[in-house]
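Please open the model in your viewer and keep the sequence panel beside it.

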Amino acid sequence: MKKIEHIGIAVKDIDESNKLFKALFGKKHYKIEEVESEGVKTSFFKAGPNKIELLEATTEDSPIAKFIEKKGEGIHHIAFAVEDIENEMKRLEKEGFRLINKKPKEGADNKLVAFLHPKSTNGVLIELCQERD
Ligand code: ZN
């Protein structure tokens, strides 16, 4: 793993949260993107070299809707940048981690992504992401 790529925060109302985070960071989001396959609308903020992703559910059965129902708004996942996502997935599976995705899939922000099940990572949902070229 190279570094933390971003931290994902589940929110109920992304328009309201965009205002809040704009006030927090002193500048607005640089990107809004809907990932239909995941049932989410996302926005991205930069604070220096760090990125925050806000996620709002667009469908009732979206993973974000379920998360908020169970735990409320808050930190949803930590994403790590990886060089080669397929290799990293194989390595982690061998180490005994539970992968939610068997194959990398398209995520927001031009990335290939895969998630590790929080049951195998001390309750933290971990996203692996590889920059697509
Ligand atoms: Zn993410």
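Helices (H or I, at least four residues) and strands (E, at least two) are DSSP runs, numbered from the N terminus. This is a predicted model, in which local features need pLDDT of at least 70 and side-chain atom pairs count only at pLDDT 80 or more, while totals for chains, interfaces and linings use all residues. Residues are numbered from 1 along each chain as its sequence is written, and side-chain values use heavy atoms, with hydrogens and water left out.

**The sheet**

Begin by selecting the strands. Eight of them form an open sheet with mixed pairing, in the order β2-β3-β4-β1-β5-β8-β7-β6. Two strands pair if DSSP finds at least two bridges between them. At the edges stand β2 (31-35) and β6 (105-107), each of which pairs on one side only. On average, with direction ignored, neighbouring strands of this sheet are turned by 35 degrees against each other; axes are lines fitted to C-alpha atoms, for helices over the stretch in contact, and angles run from 0 to 180 degrees between N-to-C directions.

Next, select β3 and strand β4 (residues 50-57), which pair in the antiparallel sense over eight bridges. Within this pairing, S43 stands opposite L54 in β4.

**Helix α3**

Move to helix α3 (residues 85-94). Which strands does this helix lie across? Helix α3 lies across β7 (111-116) and β8 (126-131), and runs at about 150 degrees to β8. Contact here means heavy atoms within 4.5 Å.

The buried residues of α3 are I85, E88, M89 and L92. They cover an arc of only 100 degrees around the axis, which puts them on the same side of α3; the arc is that of the directions from the helix axis to the C-beta atoms. These buried residues pack against β7 and β8. The face of α3 turned away from the buried side carries the exposed residues K90 and K94.

**Helix α1 and its rings**

Then select α1, which lies across β1 (3-10), β2, β3 and β4 and runs at about 5 degrees to β3. Show the aromatic side chains: the structure holds four aromatic pairs. Rings of Phe, Tyr and Trp (its six-membered ring) pair if their centres lie within 6.5 Å; planes under 30 degrees apart count as stacked, over 60 as edge-to-face and the rest as tilted.

F21 and F25 both lie in helix α1 (residues 14-25), four residues apart, about one turn of the helix. Their ring centres are 6.0 Å apart and their planes are at 50 degrees, so the pair is tilted. F21 counts as buried at 12% relative accessibility, whereas F25 is partly exposed at 26%.

F21 also forms a tilted pair with F45, at 5.9 Å centre to centre and 45 degrees between the planes. Because F21 lies in helix α1 and F45 in strand β3 (residues 40-47), this pair ties together parts that are 24 residues apart in sequence. F45 is buried, with a relative accessible area of 1%. Ring pairs link F21, F25 and F45 into a cluster.

**The loop between β6 and β7**

Finish at D109 and N110. D109 lies in the loop between β6 and β7, and N110 has its place in the loop between β6 and β7. Phi of D109 is near 65 degrees, a positive value in a residue other than glycine; D109 counts as buried, at 8% relative accessibility. For N110, phi is near 60 degrees, a positive value in a residue other than glycine, and N110 is partly exposed at 43%.

Notes: Buried < 20%, exposed > 50% of the residue type's maximum accessible area, 1.4 Å probe, protein only.
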